[in-house]
2 protein chains.
Amino acid sequence: MSVDGDEVKVLHGPEHPLSVGWTKSQTMTLFDDPQNPLTLESGGVLAAVETEFETYGRLNDQASNAILICHALTGDAHAAGWDLDPIGPLREFRRKKPGWWDSMIGPGKAIDTNRFFVICANVLGSCYGSAGPGSINPETGRPYGLTFPVVTVGDWARIQMELLTRLGVHKIYSAIGGSMGGQIGLELALAYPERVGSIVVLSAGHRVTTQGLAFNAVGRHAIMNDPNFNSGDYYGGPPPLAGLAAARMMAQITYLSEESMGYKFGRRLRGKESPDFTLTGIEFEMESYLSHQAESFVKRYDANSYLYMTRAMDYYEAAEKWGQGDLTKTAARIKARTMVVSFSSDWLFPPELCRELVSAMCRAGCPVSYLNVPSRYGHDAFLVETEAVRRLITIFLKE
Amino acid sequence: MSVDGDEVKVLHGPEHPLSVGWTKSQTMTLFDDPQNPLTLESGGVLAAVETEFETYGRLNDQASNAILICHALTGDAHAAGWDLDPIGPLREFRRKKPGWWDSMIGPGKAIDTNRFFVICANVLGSCYGSAGPGSINPETGRPYGLTFPVVTVGDWARIQMELLTRLGVHKIYSAIGGSMGGQIGLELALAYPERVGSIVVLSAGHRVTTQGLAFNAVGRHAIMNDPNFNSGDYYGGPPPLAGLAAARMMAQITYLSEESMGYKFGRRLRGKESPDFTLTGIEFEMESYLSHQAESFVKRYDANSYLYMTRAMDYYEAAEKWGQGDLTKTAARIKARTMVVSFSSDWLFPPELCRELVSAMCRAGCPVSYLNVPSRYGHDAFLVETEAVRRLITIFLKE
């Protein structure tokens, strides 16, 4: 998402009564019984699955008030409050930053931590504290790189459900997420219909578009063709930053919309009245923005993780997995009360795709509500349209 | 465009009566008076401008039947017939190939060479025979690389008009082009209102969108970050193929539409029933297509030229240049009878952008007709929707 920590609308500092305050990541090693390692959907096996997570609020005595927040492609477990002591190789970048959804989570906020026990876990394969390609392979004593097994949305749902079990939660009140996080929420409702009370799927659907597959492929191509990539085995040397930057710049375009880019940047030149006629330098504000975004991104994200995350999104197709290609049959599995929200200018997960899912759920008789929020912010809208999302979630969680 | 020589619908072999037959490129050195070199809009100066072109049909005695065809980003002068003896460093790739618009140009075709004298010239900065960054700089004896001056759409219009003058044409009957070629046609009508009888602007407009600026920037970024780029001075060594491939793959997505990609590729796997769970290999048909397209493209295009072409498209803004930002005032310059054609699924030059231009022309009282052709082929539609374009051009040229 283009709305990074430094841009997201942060409503309250850590001392404010509506903030969850300073937060601290935790880790838990899941599937750590040597007799029962985790076999992933790809066939890969992990003997122990280090999972980073944060929690806010308190689990009630009936363990009935747990809300799972599912993060997007480049997100992390730090969803709310201010990170006092982050975990993982990129911790320096992340210290004392607000959570990526701080606008939504806190005492008295839409996802009210006075009422709910909120959990957000970093997905397997990421670079933010959970096990991933940058973790040390205990068998070799070196980072996994691309020997880390391929992960899927199904794996993430299974791991997050295992984490919840270990935290004493059998049934979650709600799973809420946008984009990739919305895919995880949907998969949870499909894989664990008895254990998921409700889901909120924002800017996401049962699959990515063909265009989405294509953009992901080009992003990976840019990373893999970086001379520093070295088949993913670059942890001892310079990482493939230029390739990752190209991937991010392109992805950034897909998170915005022509309308929002036109409004924000148009054809304005960067700090000059007339062009310099340069091929290699910056002429337009639009270019400057993309460069700046990429520069900041490559400092805080690992190129290998980018490969794993985008592939997982590629692979996810709920109807293929659960209904032999039949989306209505798939939807019939869902028992969770569901809210799907699309945004009018989102072309990465376009409203039509969300409506495919919603229509199937209606045909299957599922309790689903759907809203297409008018917005010019493209895919980013689920993070930018704070007020609309806040209201929708507030109402949904009150029902 | 994604419709390369080997994909375009070729109606007739070189011996067919509807074909212009075997063609031969010509070159002309323009602005070759040492006292009067060409000063480009960027301020760069060229003492002689080698321009490659092809012609089909014969100029009539009144010199009133000339049609100028303007090629798109990666196009060339070989618009019709079969190339017997191409010119330029990439000639081997191009030998005995059909022209990129052979479906439209020929005796008895929409652009009828029994009636019209048809000229198509390769633009300055390209790699297909006209002077460009790969040409030898006479002052150094080495290829220009990025010391070649930055070129603009305005420069191209001026050069092509000079070529026409030298060919004995004062006023052209029509200038016809799609995408970047449509920008050139529009610019000709604005810069030489007395010398342009009519224009056909396909899938193009008075500027690129902000999204277009952004995609072009990312493409250049990918090229410039290729380790072989060497600031554009790579002609003695390996060229920056990986960067150019990434740029092309991304651009390819913008030439298609979600609908056409979904229809053609969807989520189909490439030659297998189930995924291999590979990060670095090909899983989907969509990926395979992009890789294949990029592979074929990098053999036949020069990365430096890609920088020059995309920059020229970026810079073009007709209203800024001709009307102090006022598009209606700009349009009032145009005396050419005009047809603008957009395609419903084109998101690179979307119908709304074309309508901006057409509305301004209507307000200015210009003789303009406009059609938005329903098509699922995205930006490529101007090359793919042969039948619709053929009919529109036939009618327009008969008027």
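User: Which residue just after helix 11 of chain A takes a positive phi?

Analyst: In this predicted model, helix 11 of chain A covers residues 351-363. Just after that helix there is a residue with a phi of about 80°, and this residue is Gly365(A).

User: How far apart are the end C-alpha atoms of helix 11 of chain A?

Analyst: Helix 11 of chain A has 13 residues, and at 1.5 Å a residue these should span 18 Å.

User: Against which elements do the buried residues of helix 11 of chain A pack?

Analyst: The buried residues of helix 11 of chain A include Leu353(A), Leu357(A) and Met361(A). The buried residues of this helix pack against three elements of chain A, namely helix 10 (327-331), strand 15 (337-343) and strand 16 (368-373).

User: Are helix 4 and helix 8 of chain A roughly parallel or roughly antiparallel?

Analyst: Helix 4 (residues 210-224) and helix 8 (residues 303-315) of chain A pack with their axes 10 Å apart, at an angle of about 160°. Since angles over 145 degrees count as such, helix 4 of chain A is therefore, relative to helix 8 of chain A, roughly antiparallel.

User: Which helix of chain A gives the most to the side that touches chain B?

Analyst: The contact takes 42 residues from chain A and 42 residues from chain B. On the side of chain A, helices 4, 5, 6, 7 and 8 each supply at least two residues. The most, with 10 residues, comes from helix 4.

Note on methods:
Residues numbered from 1 in each chain as written. Chains lettered and ligands numbered in written order. Predicted model: local features only at pLDDT ≥ 70, side-chain atom pairs only at ≥ 80, totals over all residues. Axes fitted to C-alpha atoms, helices over the stretch in contact; angles between N-to-C directions. Helix = DSSP H or I, 4+ residues; strand = E, 2+ residues; numbered from the N terminus. Parallel < 35°, antiparallel > 145°, perpendicular 65-115°, else oblique. Expected span 1.5 Å × (residues − 1). Buried ≥ 20, exposed ≤ 12 C-beta atoms within 10 Å, placed from the backbone. Contact = placed C-beta atoms within 7 Å.
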